[in-house]
Amino acid sequence: MPVLNEEGAIGMVLDELLSYGYRHILVVDGYSKDKTVQIAESKGVNVVQQHGMGKTGAIQTAIGLVPTPYMLVMDGDFTYAAADIEKFLDHAHNYDQIVGVRSRENINRLHRIGNGVISKCFNLMFDTSLSDVCSGMYLLRTEPAKELDLHSGGFNADVEIIAQTAVRGEITEVPIEYRARVGKPKLSTWKNGTQIIYSVLIWTRVYNPVFIFSVIATLAFIPGLALLVWTGLSWLLQGTFHSGWALFAAILLLGSGEALTVGSISLLIKRSEARITKRLKQAGASRY
Ligand SMILES: Nc1nc2c(ncn2[C@@H]2O[C@H](COP(=O)(O)OP(=O)(O)OP(=O)(O)O)[C@@H](O)[C@H]2O)c(=O)[nH]1
Ligand SMILES: [Mg+2]
């Protein structure tokens, strides 16, 4: 549980978890200036100070310390309910990540639209059909989580983790309740929203290059072809040769061809990567 200045909420969150019988709780503090750490320690749970920056640093710290085969990440602001944890555990053995899809009533309209746009962009780029990629409650299988290579400073940790799991492993979702937050938000709507969209684009280049190169190929091919047809027709029908435009059309078509070639090579590499990962997984499974 990543926490930063959550003195108003942390006690309630931990009491609720403990009342449901969850004992292996790791609170990762981001150097809170209020009483968060004292309150958490008074509940008898493990509390550590994070290394690295922001929520990403907190999650990386947790991944390095968790001894159990699964780990559930949840915010410490009382928005997530302990009663929902069982839904994750029911499917834990089949997936590398299970994302909690938040009920909408306590998400304000602007965030709802923003989350929708981010999730749609994400699905398009990563060929997934996820409903809430910004959710702060999700279960990870610890072993593959240790292989995650998180780069996003600050707040994009949740989306970056989904991006990497979507490419390398199995991912699913379950519906969960989302309550009104206790205490002050750390998130700035516009700054974080645009940052996440930008990050999704960057990660697509790294994790799903086939998509990016296909888009570049299509974007260059359509105007290139249109210009070529137009210059060809005006040369044939009117006898005027627009050499500049013809050259531009040729450049666009060549660029498109190149993007298509690079895209196909990335596709081949991605497929072999998937095959190798699958074989390694099977080999790993048969050892036990
Ligand atoms: N350890 C640590 N925890 C953080 C840091 N920043 C935020 N958190 C915690 O991460 C969780 C998510 O932060 P929130 O402020 O709730 O952000 P959010 O859930 O995206 O946004 P709202 O709940 O809508 O305000 C909370 O438990 C925060 O206390 C940080 O730098 N370090
Ligand atoms: Mg929150």
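Leaving aside residues up to four places away in sequence, Met1 touches Ile10, Val13, Leu14, Leu17, Leu26, Val27, Val28, Met74, Asp75 and Gly76, where contact means heavy atoms within 4.5 Å. The model is predicted, with local features needing pLDDT of at least 70 and side-chain atom pairs counting only at pLDDT 80 or more, while totals for chains, interfaces and linings use all residues. Residues are numbered from 1 along each chain as its sequence is written, and side-chain values use heavy atoms, without hydrogens and water.

Met1, Leu14, Leu17, Val27 and Met74 touch the most other members of the largest nonpolar core, which has 27 residues. Such a core is a set of buried Ala, Val, Leu, Ile, Met, Phe, Trp, Tyr and Cys residues joined through side-chain atoms within 4.5 Å; buried means under 20% relative accessible area, exposed over 50%, and partly exposed in between (1.4 Å probe, protein chains only). Helix H1 (10–19) gives the most to this core, with four residues. A second, separate core of 19 residues includes Ile118, Phe126, Ile196 and Ile212.

Ile196 also belongs to the buried residues of H8, together with Asn192, Ser199, Val200, Trp203, Thr204 and Tyr207. These residues lie on the same side of H8, because they cover an arc of only 140 degrees around the axis. The face turned away from them carries the exposed residues Trp190, Lys191, Thr194, Tyr198 and Arg205.

| Strands | Bridges | Direction |
|---|---|---|
| E4 (residues 70–73) and E6 (residues 138–141) | Four | Antiparallel |
| E5 (residues 97–102) and E6 | Three | Antiparallel |

In E6, Arg141 is the bridge partner of Tyr70, and Leu140 that of Gln97.

How values were computed. Chains lettered and ligands numbered in written order. Helix = DSSP H or I, 4+ residues; strand = E, 2+ residues; numbered from the N terminus. Arc of directions from axis to C-beta. Pairing = 2+ DSSP bridges.
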